[in-house]
Amino acid sequence: MMTCRLTGLVTLLLLLAAGPVLAAERSVTIGFGIVAGAAPVDCATPAAALGRPAVAAGLRDGRFYVHDLALIDAAGKAWPVMLDETLWQHDGVALIDAEDATGACREGTPETNTRVTGRVDDGAGAGPWRLAFTLGVPQRLNHTATDLAPPPLDLAAMGWGWQAGRKYVKLELVPEGGVARPDGGRAGTWFLHLGATGCTGNPVTGEIVSCDRPNRPGVVTAPFDPARARVVLDLAVLFAATDLARDQGGAVGCMSAPDDADCAAVFERLGLAGGVATAFRVVEK
Ligand code: CA
């Protein structure tokens, strides 16, 4: 009898120590990356020829935010991935960072991050799953000062002067021979800075910011097993209809201005033109 009581007491204490009773969860790690077709993209080596017409282009910066991750099971049910709190993840947002501050990436950070970690309800089953996620920083966290925000929202390099928002995607490429501008000038870097535009409201004075073009595409991948495959942003697809050696006006490349002709092709491939985000795909690890 005493043994039973003690066992019961120990069980109760263990339950109390574990906190509220939760459904069983498991850890999940989802790999991300940036590639150019079959080739990895990093700061040390020129990327494979990119764009149309193709030009050899090296990486100068390659970072993007993701949030609202979920595993979609075979029945179509979404199982949210609850992200761990780390230096790369905060409040459901993660930063993927493919640059390491070497070579042309010297304005970057030495650390890199190519995975998202979190927990998912055991009900998600054994997979394979589609991964659903949203590119960028959610509205509720976007319009804050980088010097007051916790990591990974504290990077000045990912801040965007526009209404204290963030660059959701910061992808900067250095094409061999440079970038010709419509005015006859030349630039060294082709920029893709994706972020919200058409925003009103001053976050500094506490006003709620709203943006005509949130520019946060939703992505749903092909089915995959996170243990064997990862999700990559494929620059060969993203720039398949872009001439990286020639800017068509506005910012050099695309800084999300609605009237910048260089944005249409990349926005389409990021899923911002009503279609599927073809630039993200699943590859074996
Ligand atoms: Ca442009």
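This is a predicted model: local features need pLDDT of at least 70, side-chain atom pairs count only at pLDDT 80 or more; totals for chains, interfaces and linings use all residues.
1. Ground rules. Residues are numbered from 1 along each chain as its sequence is written, and side-chain values use heavy atoms, without hydrogens or water. Local features need pLDDT of at least 70 and side-chain atom pairs count only at pLDDT 80 or more, while totals for chains, interfaces and linings use all residues.

2. The core. The largest nonpolar core holds 70 residues. Such a core is a set of buried Ala, Val, Leu, Ile, Met, Phe, Trp, Tyr and Cys residues joined through side-chain atoms within 4.5 Å. Buried means under 20% relative accessible area, exposed over 50%, partly exposed in between (1.4 Å probe, protein chains only). Phe32, Phe64, Leu171, Leu233, Leu235, Leu238 and Phe280 touch the most other members. Strand β3 (residues 57–72) gives the most to this core, seven residues. Strands (E, at least two residues) and helices (H or I, at least four) are DSSP runs, numbered from the N terminus.

3. Strand β7. Five of the five residues in β7 (residues 93–97) are buried. Val93, Leu95 and Asp97 point one way; Ala94 and Ile96 point the other. In a regular strand the side chains alternate between the two faces of the sheet.

4. Partners of β7. Strands pair if DSSP finds at least two bridges between them. Five bridges join β3 to β7, running antiparallel; Tyr65 is the bridge partner of Leu95. Two bridges join β6 (residues 89–90) to β7, also antiparallel. Here Gln89 partners Ala94. The hairpin of β6 and β7 has two residues between the strands, and Asp91 takes a positive phi near 50°.

5. The pocket. Which residues line the largest pocket? They are Leu87, Trp88, Leu95, Asp97, Thr109, Glu111, Pro151, Pro152, Asp154 and Leu155. A pocket is an open set of points on a 1 Å grid over the protein atoms alone, where a 1.4 Å probe fits, with protein on both sides within 12 Å along at least five of seven lines; lining residues have an atom within 4 Å of a point.

6. Cis bonds. The peptide bond from Pro151 to Pro152 is cis, with omega about 10°. Pro152 lies in the loop between α2 (139–142) and β10 (159–160). Arg52 to Pro53 is also cis, with omega near -5°. Pro53 sits in the loop between β2 (39–40) and β3.

7. Positive phi. Ala101 has phi near 70° and is partly exposed, at 22% relative accessible area. Asn215 has phi near 55° but counts as buried, at 9%.
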